[in-house]
Amino acid sequence: MHNIMLLSRRIFLIATLAAGLVFGNTFAAHAQSDENTLIIAVSRDLQNIDPTLTSGNINTWEFLTNVYSWLIDYEVVTMDDGTMVGDPNSFVGGLAESFEWTEDGTTVTFTMRDGLKFSNGDPLTAESVKFTFDRLFDQQGVTVGNMALAEVPDKHHIELIDSKTIAIHLDRANSLLFGNMAQAGNSILNPNVVGPHMTDDDPSAHEWLKSDTRGTEQGPYRLESRDPGNQYVLVRNENYFGEPAHIERIVFQVIPDPSSRLAQLVSGAVDIAMELPTVDIPALEANPDITVHRNTSRTISYIGMNNEVAPFDNKLVRQAISYAVPYDTIVNDVMNGYAIQLKSPIPKGTPGHTDEFFVYSQNLEKAKELLDQAGLPDGFSTVFEIPIGSQEAKETAVFVQEALRGIGIDVQIQELPGAAYFEKIQKHELVFFYTNFWISINNEPYYHVYWKFHHSCCNYANYANQTVDDLIKEHTISTDMAARDAALQEIQRILLDEAPWVLLYQPEHILAMRSNVKGYVFFSADNLTRYQHLYKE
Amino acid sequence: MIGPQEQIVPGLTALARWCRRNPVTAFGFFIILGLGVLGLLAPLIAPYDPYALNPREKMQPPSWDHLFGTGIFGEDIFSRVLYGIRIDFGIGLGAVAFGLIAGSSVGVIAGYYGGRIDEVLMRLMDIVAAFPGFILAMAIAGVLGPSIPNLIIAIAFVNVPVYARLSRSRFLVIRESLYALAARGVGASDFRILTWHLLPNSLAPIFVQSTLQCGWAILDAAGLSFIGLGVHLPTPEWGVMIGLGAPRIIAGQWWISFFPGLAIAITVMGFNLIGDGLQDLLDPRRW
Amino acid sequence: MSVFIARRLLLLIPVLLGVTVVTFTLTRVIPGNPIDLMVSPLASQETRDRIAENAGLNDPIWVQYLRYIEGVSRGDFGDSFVTNQPVLDDLKSRFMPTFELTLFAMLTAIALSVPLGIAAAVWRGTWIDHISRVLAVFGVAMPVFWVSLVAIYVFFFLLHWLPAPQGRIGIIIPPPDRISGLYTIDSLLTGNWKALKSSVQSIILPASVLAFAAMAPLARITRASMIEALESDYTRAARSLGLSESSIVFRHALRNAILPVITMIAIVYGYLLGGVVLVENVFAWPGLGRYVYNAIASSDYPALQGFILYSTTVYVLLFLFVDILYVLLDPRVRL
Amino acid sequence: MSPLLEVSGLYKHYPIRSGLLRYRNLVAADNVSLTLQAGETLALVGESGSGKSTVGRCILRLEEPTAGSVLLDGKDISELSEPEVRALRPQMQMVYQEPLESLNPRHKVGNLVAEPLLLHRIVGKAEIPARVSELFHMVGLGKEHIDRYAHTLSGGQQQRVGIARALATRPKLLILDEPTSALDVSVEAQILNLLQDLQQQMQLAYLFISHDLAVVSMLADRVAVMYLGQIVESGPTASVLASHYHPYTQALVLATPINHPRQRKQRIVLEGEPISPIEPPQTCRLVPRCPYAQSICSEQPANLVEVTPHRATRCIRFANEHQAGRWTP
Amino acid sequence: MHCSLDLDSVHRKGSAEVLRVEDLRVEFCLPDEDILVLAGIDLAAMAGQIVGIVGESGSGKTVTALSIARLLAPPGRIASGRVLFLGQDLLGLDAAQMRSIRGSQISMIFQNPRASLNPVFSVGKMLKEVLKVHSGLQGRAATIRAKELLADVGLPDPDSVLKRYAHQLSGGMAQRAMIALALSSSPALLLADEPTTALDVTIQHQIIQLLLRLRQEHNLTQIVITHNFGVIAELCDRVAVMYAGSILEEAPVAKIFDSPGHPYTRGLLAARARVGRHTEIENIPGQVPELKNRPDGCPFHPRCAHARDICRVKVPRLEQTAPGHHIACHRWQELA
């Protein structure tokens, strides 16, 4: 038996030694990365990166924005305080050196820059652009919908004039086209790279494009490597037509847990952390090592109520709920003040926005009264559906639940896995739901109200009002600005009265980075960072 | 040598004496009974409404006002942990009951009839058991969507093979037992043998197993809730509560997750102590 | 021996086929339409139909199943809807992290629990027996994800001994050159001390948490089967032959007692495959656990099917391996 | 008078897996035939693995015979359906080798004895308690034992319960499967005496299964010796024990421990162990162990031959020599 | 009652006596109570003698044997007494000393031979280990010796038996193998605990013959424990009759059979079924007492037809009634 005792003693010794090895050297803060590298903590990996058929999560969209370029782009303007921002309503040439509209506003002609090259060195010409749009229309992907909205219904409306010139013909003059074009969906592709992947089974080379970009990039960065689920790395594209990016290499590290991203930022292991919990922002703002960039975005967060499903088909019920939601708590305690209250379905920052019709603040008596009027004095029970994994959604839901309990509405919170949530929302099957992912990248009010309140696509609340439909169709797409604004006023008046949504908030877009990272430019059109502007001190 | 302990579930007095001799197991009973009472009396004991939100006091560390501190909504963790007893016990017992009934029915049918029925049923069980349990439960919970009944079903389903195999093997043993043969010999029908002779003899190990399973079911339920596949927010279920507090751990707000987790650990420990103790009765070699 | 293995492998086929049927059915009923992950909300119905058609989602279910099986037999598990990579590649790339984690957890657990179980059996009723019992009771009672959180709080937040969850290695530290795929081993082999330190610091908490959970059942079964062996007739006979106590404990009893321990190791390893989902999520470990969680959360059928098929195969092969070990260790098991 | 029990050509095979898909038969009973008159005791003697218990169970249809017929009072019970057999069970009962294991540990022994009364409605429900205590008295147990559980009784008492249960339905045939081999010497005597008394009182026919020739010689009128599933010798007990026609019987008798140290016997020693019962040859199965074996023994099938009135043997050599009048046992 | 080891001074005596057990008392220490299972056993075996211990289940035969070899496992505990082996008190030895005696000078075989062989070691491996420990034999020498031993116990084809495992041996072969192991270093004393009980009659007979031959060829002293008087009659020189933890009678074997002195012995002998006897057997009424409920006074008195008041209160001593004949009965003279 001695042997066992000796043995266990020996094991103990070894264990102690090993522990000393690991712990003895107390964990110290990470060394900083060098000035040519940027390490960014993101919440999730890239998904489908085919620019015309992407599912478009933020990371994927931002990735595409940094590796591809478009014919036109947002203008970067300097504000009064010296900061620079991307103006969502002002467009300049991108790959096109210049562009010219015809008088009637139905044709725009682009003149390409000289010496454009793809990242692999292939020349980029108007033929490449024609190739890109032909593929885009053949594929019938996401971008086509946007082009069609701007009255460019098929590939015959894209005219290759010569290798430096290309024209787009519109069926009807409108102001939507550029807003729809300054997006990754219009990324110009390299026929030499993409062409060989086009097969009979897959005429649009989706199989290749959905997971690769190498050789067909022309943006400031190009894809270096991917370690799926873990990281993806961008490296400066030396063939970029514009000013070369400052930072040579960007490592996107996937860290799903927001508090881990925070911890890594604070320890200096990463330079930028995306999607941080708002509750931790005050501490970051107080931290001299960290710079927090805060910009009000046009992202809208609201509670949808399916206007076709009882009891939400009753305006009074919708109003009652709108009176019951604790707006202040949500802005102050869920968003911890990093949001402004949304006071119109058209967010602040979009032309035509007004908060003049907004009446809702929490008033449980009034809410109860409305519920009584609606014939539901005893309230009802319902399920509140939110996407899984969103802290904001979770917290909002709990506060809403508690508030509605106060007027007799029994709410059960259902967290849906991402895909289930999206499937149901696409099919307009959600009845009472939270959503916070929508931003109208094209900052045209028509684009916004058409998608959200006309009967098609993204009118997830199934709101249907002929007057509103008519107003949208007849006035908002016109070039008559006065008529447009008047129509928008009327629309907002109606919507606030009919309350298809509970308007929650417009969050601030918050990006926290190490203080030595400079040069950040906010693009309110899409909230996406263009990394070419960043540099380290 | 002293002969093996009698394989019987003791009567109450025997149990009491046995508990005196096995203070550890008695401790297990004490924990579960105590928690059960606390759960029943939760409305009387809990200082706050478990659903009451108080954003002005969110994420307060433990104090006399809030024994276990407050959570991200300013909810009182202590009250919620108390109410959690009801939910988690319910899930544990529910999952065990479902799994037990389904599994032992399969096992008894397979074990008693044998032959092709046995073969088919047990191959099915093999297939279910070939999945790593928690992952299968995740998949089922994912399919069914989060709710307490679905959670119970998911966990119960995964454990069906456990009960099926246990009751089948137990049944195979006692089916071959001499007393079953003797019962046939005096003219008892299959049904009578099954119900009057075999069932009482197969219950003990299955009962012991259920006690242990109860603890595991609570653990699995908490795990599923933790990753969002379990019960609804803001139900005071312990796994959900740990999940709510998890992001705050790195920021040092430990109490939000700590106390619900402690409650799970104590509960599961209680069930395991009882299960182990009962197992001792059946097989003195084990802990 | 090879006949035995061949026979066992043959017997696996119906089980694995059954498993594919179950996974296939199961994943088909998960809510969430994969089309929505492939196309934007703005896509037209025609686009959606075409993509569904291309993906074969409109065929009868059994055609889809047969196609799936045919693919699986070629090692083609389809492409993940989320990562757009072949599932098999995804699994391969995530296998090593999980393997590294579970391997260290398992080795630690075995190294600690088997001697503990033996000691508890030999000195039954003494303090060491009680300690191992307490450990066994606590070890299985604590939720792994909670222990993970507590460990992070203590070792990162309070003591600053170990880094915040960062995956397998510090973010700015380049991984070691790939030899085995295990960061700790590779950095040791290549003498990359920086990577070694960081990877050890990264793995120590998740591996310890898993090991802690795995220890209890192992110590328990070791003790029980050691006691059974020590109380057996052959042990008494060995004593009557005057053999030394160490020979009786470590040769005679342990050789018999180790068989159920081996089975338990396999069972526990299977259990770790489940526990790892939670632990990997807490520790941001880029392994299979996180992969399958994401697959479930985003209705990634091919990924989920592939993973379940993979883990079931691993599980089943593990038990095949155990059976083979039995044959080697126990003469009573016939070939 | 037709016999109470007539077994003819009883076979029982157990399939044993050998190889992936192949099964081979373990032959537990091989063409066993026997008869038993009312009130008579027939002993079935053999070592472990000889198939004697299997024969007993097959007779009662506690196991399904592979082939053969079992006539109880002229009625072939091997053909009957399960419910029909159940209806016949009151007539034939069994006492088992392991008294503790044959009694359900979760029921009071009184209830176990009452069970057959209840099942076959032997007496009205109200009379059951009285009948149970009568049965207990009959086997020498007191009323205080009725409410006990089996494990709280001693081995002898347990076996008494087993006997009481078997007698509850007033059977004609009792199969006693080594009823005393698990008991202590002093208790064995008590049980044997009890069995003798009961037989006289109730005119029971016993099929007495045993490996112990001493016990057999005490109880049995006739004896059948089994070896590897076959009856190798049968005849009146005294006659068989006095002059054995089969070498196996001889070895068995002579191997039985002596009663007194001075009573040293001339012995034949059976070398080695019995051959495998899996598909054994149809020739004499004792050949490898038999000191008298000749070449003919492993060439010719060994059949049970009646060589003298009421005496049969399966020894080829004996049968031959007996016919030639040359055999001296 | 308390449990403690009585480590009296060790008396060495020179004699041809291989084993002498004096007043051996053994208790089982259970959580609730301590139970006396051996109430003072006295026993002796001269060189080359086969001494039988006969008794019914629960009489303490096996405990006696295990105590002699100091193999008694908890909760059993030797409370007092002496076990003199070749004059040396085994109870005074430390564990290591005892180990060196066990297997080399005192060996034991058990009731269930197949369970006594380690299932994962072949017979050869076991034999070689024992040979290495006690005789220092290794390699070829050990193999040769192992084969000799197997042949010696009558196992045909020792080469093949060496490679076999317990499950590949029949009960009889396993018992022979176990005997070979026990004899590997030519012990002076063999303790055989029900060596034939689990075996068939024909095989049982073979083992008895083997044990007799061992006595003849090796002058091996044996203590044979059995419940079977037939085995006693065939094998033993002397017999001790045990009942409820006491020896009630001890005598040369013929004496026991011819003129049993104790009412229990008489009852037992009379209760045996015998070939050729058809009459009702005399039997001893009642049951063997449980260990826990050992009667006061003479342990046999509740079942004894001759019991008097004194039998109920006073424990009878084992006294010599004739040369070599000992009886523990208050009334042996009256009953003689």
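Predicted model: local features only at pLDDT ≥ 70, side-chain atom pairs only at ≥ 80, totals over all residues.
How much area is buried between chain E and chain C, and what share of it do carbon and sulfur atoms give? I get about 2,100 Å² for the area buried between chain E and chain C, with 63% coming from carbon and sulfur atoms. On the chain E side, E:Arg99, E:Val120 and E:Glu129 lose the most area to chain C, and together they make up 25% of what that side buries. Counting residues, I find 28 from chain E and 20 from chain C in the contact.

**Confidence**

The predictor gives an ipTM of 0.80 and a pTM of 0.82 for the complex. I also checked chain D, where the mean pLDDT is 87 and 95% of the residues reach 70 or more.

**Chain B overall**

I went through the secondary structure of chain B and found 11 helices and zero strands. I boxed the C-alpha atoms of chain B along the principal axes and got roughly 75 × 45 × 30 Å. Chain B has 287 residues, and 64% of them count as buried. I then took the contacts in chain B between residues at least 6 apart in sequence: 72% of these join residues at least 24 apart.

**Aromatic rings**

How many aromatic pairs does the structure hold over all chains? I have 49 of them in my list.

Next I looked at C:Phe307 and C:Tyr310. Their ring centres are 6.0 Å apart and the planes stand at 50°, so I log the pair as tilted. C:Phe307 and C:Tyr310 are about one helical turn from each other because they sit three residues apart in helix α13 (residues 301-329) of chain C. C:Phe307 has 2% relative accessibility, so I put it down as buried. C:Tyr310 comes out at 17%, which means that it counts as buried too, since the cut-off is under 20%.

I also followed ring pairs into a cluster. From chain B, it takes in B:Phe68, B:Phe78, B:Trp254, B:Trp255, B:Phe258 and B:Phe259. From chain C, the cluster has C:Trp146, C:Tyr153 and C:Phe157.

**Charges over rings**

I noted a couple of arginines here. C:Arg168 lies over the face of C:Tyr183, 3.7 Å from the ring centre. In chain D, the charged end of D:Arg311 sits over the ring of D:Tyr245, at 3.8 Å from its centre.

**Strand β9 of chain D**

I finished with β9(D), residues 222-227. How many of its six residues are buried? I count five, so β9(D) goes down as mostly covered. On one pairing, strand β3 (residues 41-45) of chain D runs parallel to β9(D), joined by four bridges. There I see D:Leu44 opposite D:Ala224. β9(D) also pairs with strand β10 (residues 230-236) of chain D, this time antiparallel and over six bridges. D:Tyr227 has D:Gln230 as its bridge partner in β10(D). The hairpin of β9(D) and β10(D) has two residues between the strands, and there D:Leu228 takes a positive phi near 50°.

Methods
Residues numbered from 1 in each chain as written. Chains lettered and ligands numbered in written order. Heavy atoms only, no water. Buried < 20%, exposed > 50% of the residue type's maximum accessible area, 1.4 Å probe, protein only. Pairing = 2+ DSSP bridges. Phe/Tyr/Trp six-rings, centres within 6.5 Å; stacked < 30°, edge-to-face > 60°. Lys NZ or Arg CZ within 6 Å of the ring centre and 35° of its normal. pLDDT = per-residue confidence, 0-100. Contact = heavy atoms within 4.5 Å. Buried area = accessible area lost by both parts, 1.4 Å probe.
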